[in-house]
Amino acid sequence: MQRRDFLRATALAAATTVIARRLGATIPEGLPAYVAATTADVTPDGVRWDKAPCRFCGTGCHVRVGVKDGRVVAIQGDPAAEVNKGLLCMKGYHVGGILYGKDRLTTPQLRRNGKLEAITWEEAIDILARRVMKDPAGFGFYGSGQWTIPEGYAAQKFMKAGLGSNQIEPNARLCMSSAVTGYVSVYGVDEPAGCYDDLDAADVVILWGNNPAEMHPVLWSRIVDRRTRGEKVVIIDMGTRRTRSTALADHYLEFRPQTDLAIANGIAHLLLANDTWDHDFVGKHCNFRHDPTGKSLLGEAFDLDGYRAALASYTPEYVAKLSGVPAEKIRLLGELFGRRDLRITSLWCMGMNQHTRGTAINRLVHGVHLLSGHWGRPGDAPTSLTGQPSACGTAREVGTLCNALPGGLLVTNAEHRAECEELWNVPPGRINPEPGHHTVLLWEKFCTPTDKGGDIHTIFVQVTNPGQTLPDLNRTFRGKAGLADKFLVVSDVYPTATTELADLVLPAALWVEKNGVFGNSERRTQQWFKQVEPPGQARPDAWMTIALAHRLYELGHPGMRDQDDRFIFTFHDDAGREVPAWDFDHYYDINTDRALFDEYRRFTFHKHKHVAPYDELVKAHGLRWPVVEQADGTFNETRFRFMEFSDPFVKKGAGIQFYHSVTKDDRALIWFCPYEPATEEPDNDYPFWLCTGRVIEHWHSGTMTMRVPQLRGSMPNAYVEMNPADARKLGLANGDMAVLETRRGRLDLPVWIDGRATPQRGLVFVPFFDERQLINTITLGDFCPISKEPDYKKCAVRIRRRPAEELRA
Amino acid sequence: MKASVSKFAVVVALATFTTALSGYFMGLVQADRAAEQRLRPAEESPVADVSTAITAPRYADLANREHQPNHGWSNSLTSLSPAVDFTADTPPLARGAIEALLIKRASRRAYNGAPPTVPHPIDQRGSQSCLACHGQPTRIGDVDVPRMSHALYSQCIQCHAPKNGPGSALASPPAEAAHPVLANSFSGLQPTGGTRAYLGAPPVMPHTTAMRQNCLACHGPGGSSVIKTTHPQRQNCLQCHATDALRETLPPTP
Amino acid sequence: MEAVETGLSSLIVTLNAQATTRAAALTALALRQDLQLGELGGNWIPAVLESADPRTAFREIEAIPGVEFVEVVFVELTAPDASQTATLST
């Protein structure tokens, strides 16, 4: 019977090992919080596999890229990546296809007599440089959260240390600047304190106008798959339409658009009324704040009595009346936040950020967590998600904004300017103290004739598609057409709605056709190497910026020299020899990404955002900053900021320390911000709300995903989604053409009822991915007065059935 | 007298019943018109000659009635094959079947290892209905329904995209015709064969086991792979077929 | 000797996270003669099933309230031949 015993022991050991491995996926505190990434290896079928973060959203999944004969042939979810643990979404599995659309841009082109004609790179860079040289102040640089960190840093340095100009903006202004102003006004420093580990520990997950089932599918699976494993997690979906996320939610709270502020205030009201707020946490770690002007980033001091009085009117009944959410559901939220035995994580993305009250609602959600003490334990966190792969890394951390400097520093702060000038080795006073134009204003100025105050004559667009994504396109983008002295330069990989109006089109290298570093939503910095050659003459965006700077250097622009009279982008190889990286033949003589990243890294220490050295990133599947060097020379990442058990910058014994506090006393701020109606609400003439957004298949403006057959096949065109009752009243059925009209324009779309989602009565939804149906020609350009982020989720629209005989105008 | 009263009662009852019954089926047939042509209350109905009343159709005839929406529909309940027999050895596929299966398989994925696309319209809102067919090997009519090759995840539609869009509910607008599908030259990795130590040795797996833990989903009866097990009765595939350490991307050991 | 005829399977049983439900399920599992339990890790408990009719036993285990999911990790079906059995049993 010994054999039997042996078998039995083996069988038990097999099952125990599997369990141990599963549990081992959660890395215990105290251990180096990352594991070394597997290096590239070749499988027997001749495929070379290497790591890269996915090109699409801000989740930051790692993929393994399979390359054979110089082309990407396969993709795997990377099992060694903590973010996605081997899983991807349909976009991630097909990310390789984005490189191979047949209409890739492969040569620089100049518009002559209305037609784009091929020119050389030398000509292209020279034309652009001469436009900049003529009037540097009127030159704008417009990038995005799809810039890699080195690309964004090169652009940032070129503008602020080189031209001495702050006219640089990322399209991230359109997607997460309200989250930034929210974090800065509450904690004094940007970006989430928690991380995705919160999703594994939370008992309750609250979605604030968020649909992660389609927008952050891998994170959504991370939450709902816990149920498959037998864990209990309560999901509360607060939204304006029933979505895929609602299908798995325990509670669905459907609120009237804009009233999320009333609901947040209603929760705070109940915490005070029921005396279930956390006296200890607030007493130790918080101050109160308000903003009587409604326009101030840092506001004015407030006190508990004032706070209590301001919230007095937000009774469950009053909130129910404003929001349409039944009073008992408001009470449910109040009771949940009042319980300390539960861990609550709030998630949000564009619903709260693309909001004319974006900063206010961000502050309120942080405030509800702080007031209730649902802050500072894994699973207790207010966490914003981002939509672009490096919105955090490049836009927020590198600070490619008209008012920011790298590492969370500000152009308006003299000390910050001096510090950056020193790090950049440029003369004092080089950095302009006046913030530049924010995105909407930048494009308005570009579309305004020069003699009427349009002070921007040239915009260089990299890695984004403003011709499709700016709000109220006719005013903010299309206005450029016909203005002879305005010049639009676009670097992109495919023809887009933006290249339609471009005067100069530059072909760019995409994703694994170049080296790169991204920063995801949980402060994780992720590096990858170039794995295939770009098509034709396509080149990396960082090279374009360096080449432009060098051409200006040759033309004699004084800003392109540092204090020692050297070119601002001077690189050296390991032997100390200078490498002319501006000459493309030598661009890859060294790893310019490594040089740029390690140069940028020095800026991140001031605000304790220590990013890891490039060589550490090479070894890891991303590291969450602050990444701090240990006595033994190793580097440790930080999962939870401001919390003593995880963050090395917290004073020992403090427990929690907000060490960049606005009030300089290590406390976070609990804000009061009132509910106010939207800037354009439905009325008799325009009786519906119009909300825009994304679908799972397509990412951003669809430039890449619409060229992947599997994704386009799944979702070929835009539609208007409406409530069945509204459709019935308007006499519209599935597939009928509807005419949508706002005060800004008209768009005809097919109707889809009870398809992907069902909006509340009185609201219609249109996805923005379809370049043939530009919904942003009719959206509103109004923005949050503090973050300057436009509201794409709310404007008034009227809808009618399109008569068969009426052709589209 | 007593007899005639009861006879009369039977006739009235029968007439009422018949009217009600035929009315019910009329209602089924013309649900929309039912509201306009409301039936008169039974007590107002004249006592009719039963022989002229519309007779209710038999259930068995329903499908073949010409004015019915399901006219011409044939169910194949009787032709449903029994569940796959996992106890018997099965012969390898014929050459023609192999080619057909290869083409079908390639048409449903971007590369070997990509999540297959869905060849039919789906519930756009959730994944609950997927498991009704894909939870176990199923054959409906002459269609083999593959089951999941991996452990249960809650969000099937996170990875599996319907190949032909939202289906008839949302027809492409005319703009689609003017701007055809953009060509893409991505050429995905194709499957390769595994190695054997010697003739007759069990082949080594030529792919990773990630997302393919359930071997029979593809290699069992009705599966999408051309390599069909000849011995589906054996459940522990990894006992004989080794994984290829050179392909596996296991998390590094701590 | 009968035991040799039975199949041996290694299982991972996923239990409900609720403490009371879990305790009830653990008791029910422990009471089964055909099951040897290992150490609980997270929501999972390893178990070895020895049964002449493993399919039925598997279904019974799945049906225990508080058992969320049962995975089969390892199966031993081969009965050792007579000579081996003889050697092993002496």
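In what order do the 7 strands of the open sheet in chain A run? The order is β6-β5-β21-β20-β19-β7-β8, and the pairing is mixed. Strands here are DSSP runs of E with at least two residues, helices are runs of H or I with at least four, and both are numbered from the N terminus; two strands pair if DSSP finds at least two bridges between them.

Welcome to a predicted model, in which local features need pLDDT of at least 70, side-chain atom pairs count only at pLDDT 80 or more, and totals for chains, interfaces and linings use all residues. Residues are numbered from 1 along each chain as its sequence is written, while chains are lettered from A and ligands numbered from 1 in the order in which they are written. The model scores ipTM 0.82 and pTM 0.81.

- At the β6 end, β5 (residues 109–112) and β6 (residues 115–118) of chain A pair in the antiparallel sense over 4 bridges, with A:Arg112 bridged to A:Lys115.
- β5(A) and β6(A) form a hairpin with 2 residues between them, and A:Asn113 in the turn has a positive phi of about 50 degrees.
- Further along, β7 (residues 139–143) and β19 (residues 458–462) of chain A pair in the parallel sense over 4 bridges; A:Tyr142 has A:Val461 as its bridge partner in β19(A).
- Helix α4 (residues 149–163) of chain A lies across β7 and β8 of chain A, at about 165 degrees to β7(A).

**A helix pair in chain A**

- The axes of α9 (residues 260–273) and α12 (residues 316–323) of chain A come within 9 Å and cross at roughly 170 degrees; axes are lines fitted to C-alpha atoms, for helices over the stretch in contact, and angles run from 0 to 180 degrees between N-to-C directions.
- α9(A) is therefore roughly antiparallel to α12(A), a label for angles over 145 degrees.
- A:Ala262, A:Ile263, A:Gly266 and A:Leu270 of α9(A) meet A:Pro316, A:Val319, A:Leu322 and A:Ser323 of α12(A), where contact means C-beta atoms, placed from the backbone, within 7 Å.
- These residues divide into 6 nonpolar, 2 polar and no charged (nonpolar: Ala, Val, Leu, Ile, Met, Phe, Trp, Tyr, Cys and Pro; charged: Asp, Glu, Lys and Arg; polar: the others, Gly among them).

**Where chains A and B touch**

- The contact takes 62 residues from chain A and 50 residues from chain B.
- On the side of chain A that touches chain B, α8(A) gives the most, with 7 residues.
- That side of chain A has 28 nonpolar, 20 polar and 14 charged residues.

**Chains B and C**

- Chain B has 8 helices and 2 strands, and 15% of its 254 residues are buried (20 or more other C-beta atoms within 10 Å of a residue's own, with C-beta atoms placed from the backbone).
- Chain C has 4 helices and 4 strands, running α-β-α-β-β-α-β-α from the N terminus.
- Of the 90 residues of chain C, 29% count as buried.

**Confidence in chain C**

- Chain C averages a pLDDT of 76, and 77% of the residues score at least 70; pLDDT is the predictor's confidence in each residue, from 0 to 100.
- Confidence in chain C is lowest in helix α4 (residues 82–89), at a mean of 35, and highest in strand β2 (residues 35–37), at 91.
- Over residues 79–90 of chain C, pLDDT stays under 50.
- Where pLDDT is low, the predicted coordinates should not be read in detail.

Definitions and conventions:
Contact = placed C-beta atoms within 7 Å. Parallel < 35°, antiparallel > 145°, perpendicular 65-115°, else oblique. Buried ≥ 20, exposed ≤ 12 C-beta atoms within 10 Å, placed from the backbone.
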